[in-house]
Amino acid sequence: MRAPRVPIPAVLAAAVAVTFLEASGPAVRVVASKNIEIFSVLAVLAQDQDGAGPSGDASAGLPARFLAHRDHPGVRMVRRLVHDRSRNSLMRLALRLTDVPEARAIDPPPSPFSRLVLRRTVTTLRDFHRVTGFEDYWRERGPVLRDWADRAEEVLAAVPVVDTLEGFFGASKAEYRMVYAPLMTRLRTGDLRTIGAGEEATVIFGPRDGLEDRGVPLERGLVVDIAFLEFGRLWITSIVDGHAAEFKKYAPLQKRAAALKGRAGPRKPWRSFWIDNLTAAVQARLAATVYGSGVGPELLTRYHGDDLVAPELHAELEVYENSRVRYPTVESFLRELLFRLESRLGGRRGKERP
């Protein structure tokens, strides 16, 4: 019988204590964010009142203090932003500000559009904070979120998440943070921010169907479905953007893979194609490192069927893992990886390696 769905907070509250494993690198910190909460409230208010928005009908759970402000300029602003960009973009903006009510920019976003939006956001955000009495709400809500964060951190401490990530990529980040956004159903996003010690990697996640009801422990949901997938995506995105010319050169492999596998339909933009497929393959390799070799192929089959070349990338990444003296980092293996992938798909046979 299929287990009933249980919200993440309830599962976290029931999580048993686990043994802390000492890690050589920084641990994953799970944090409660006032900014993520207020941006989430705005996003819920901005969705259609019939519940047709991407986060579902979450407004029923909001206090009356917020429901009375559906016409606030901040709500209209967020509605436009989500329509023009995405909820992910909205949540990433929250990471670039100090907590409300100060809401001071601490690390401007890389794109001119996002910098412009950030400047226009601050005054409206402060006003929404003031007129709704958000600070009083946060005094009650904050401790509850911090308790969830502490329990999630306790669960994550049982697995060498950072050592596994850094061992695979052959590089490191200064900090790793995860932020739970309980109002944002199915949200998965993240960002890299420059801090004094280097790069701070932050993943923001909301409840999602299937996270708790697949018959796997909560630990694996947090580690595999969130930490490995989304921290891995941040790393892969940086690699793809840093080697754009190389990935564009191999972009026709998407069409070739679709033809070989009998998959018709629209193709993804080259950047999304490579990020999605590489992220899926890396998630499978990382999960196999911790939970056993059978986990990787199962992940690809069950959850990444639309990522056409992920199985081939997954197989070739085993070559990388077995050749770390020659290829100390994923980036050092990149050209070989793409060459081998093209060979698997019927191209460059007999031609000289790059």
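The structure is a predicted model, in which local features need pLDDT of at least 70 and side-chain atom pairs count only at pLDDT 80 or more, while totals for chains, interfaces and linings use all residues. Residues are numbered from 1 along each chain as its sequence is written, and side-chain values use heavy atoms, with hydrogens and water left out.

The protein chain contains 15 helices and 4 strands; these are DSSP runs numbered from the N terminus, with helices (H or I) of at least four residues and strands (E) of at least two. Of the 354 residues in the protein chain, 50% are buried, where buried means under 20% relative accessible area, exposed means over 50%, and partly exposed lies in between (1.4 Å probe, protein chains only). The accessible surface of the protein chain amounts to about 16,600 Å², and carbon and sulfur atoms account for 51% of this surface. Among contacts in the protein chain with a separation of 6 or more, 73% are between residues 24 or more positions apart, a contact being heavy atoms within 4.5 Å.

Rolling a probe the size of a water molecule over the atoms shows where empty space is left. A cavity was taken as a set of points, on a 1 Å grid over the protein atoms alone, where a 1.4 Å probe fits but cannot get out; lining residues have an atom within 4 Å of a point. Grid points were joined across faces, edges and corners, and a volume is the space filled by probe spheres set on the points. The count gave 3 cavities of 30 Å³ or more, and the largest cavity holds about 50 Å³. Its lining consists of Ile 236, Ile 239, Phe 247, Leu 278, Val 282, Leu 317, Val 330, Leu 334 and Leu 337. At least two lining residues come from each of α9 (218-242), α12 (270-291) and α15 (330-344), with α15 giving the most, at 3 residues. By class, the lining of the largest cavity has 9 nonpolar, no polar and no charged residues; Ala, Val, Leu, Ile, Met, Phe, Trp, Tyr, Cys and Pro count as nonpolar, Asp, Glu, Lys and Arg as charged, and the others, Gly among them, as polar.

Side chains of opposite charge can pair when their charged atoms come close. With a salt bridge defined as a side-chain nitrogen of Lys or Arg within 4 Å of a carboxyl oxygen of Asp or Glu, the model has 26 salt bridges. One of them pairs Glu 175 with Arg 29 at 3.1 Å, N to O. This pair links distant parts of the chain, with Glu 175 in strand β2 (residues 175-180) and Arg 29 in strand β1 (residues 28-31), 146 residues apart. Glu 175 is partly exposed at 27% relative accessible area, and Arg 29 is partly exposed at 37%.

Asp 276 forms a salt bridge with Arg 233 (3.3 Å, N to O). Asp 276 lies in helix α12 and Arg 233 in helix α9, so this pair ties together parts that are 43 residues apart in sequence. Asp 276 also meets Lys 268 in a salt bridge (2.6 Å, N to O). Salt bridges that share partners join Glu 230, Arg 233, Lys 268, Asp 276 and Asp 307 into one network.

Val 100 and Pro 101 are joined by a cis peptide bond, with omega about 10 degrees. Pro 101 is located in the loop between α5 (87-94) and α6 (112-131), and Ala 103 also lies in the loop between α5 and α6. Ala 103 has a phi near 50 degrees, a positive value in a residue other than glycine, and is buried at 2% relative accessibility. Arg 186 likewise has a positive phi, near 65 degrees. Arg 186 sits in the loop between β2 and β3 (188-195) and is partly exposed, with a relative accessible area of 41%.

His 314, in helix α14 (residues 310-321), is buried at 11% relative accessibility. Leaving aside residues up to four places away in sequence, His 314 touches Ala 281, Ala 284, Arg 285, Gly 296, Pro 297 and Leu 300.

Notes. On a 1 Å grid over the protein atoms alone, a cavity is a set of points where a 1.4 Å probe fits but cannot get out, and a pocket is an open set with protein on both sides within 12 Å along at least five of seven lines; lining residues have an atom within 4 Å of a point. Accessible areas come from the Shrake-Rupley method with a 1.4 Å probe; for residues, only the protein chains shown count as cover.
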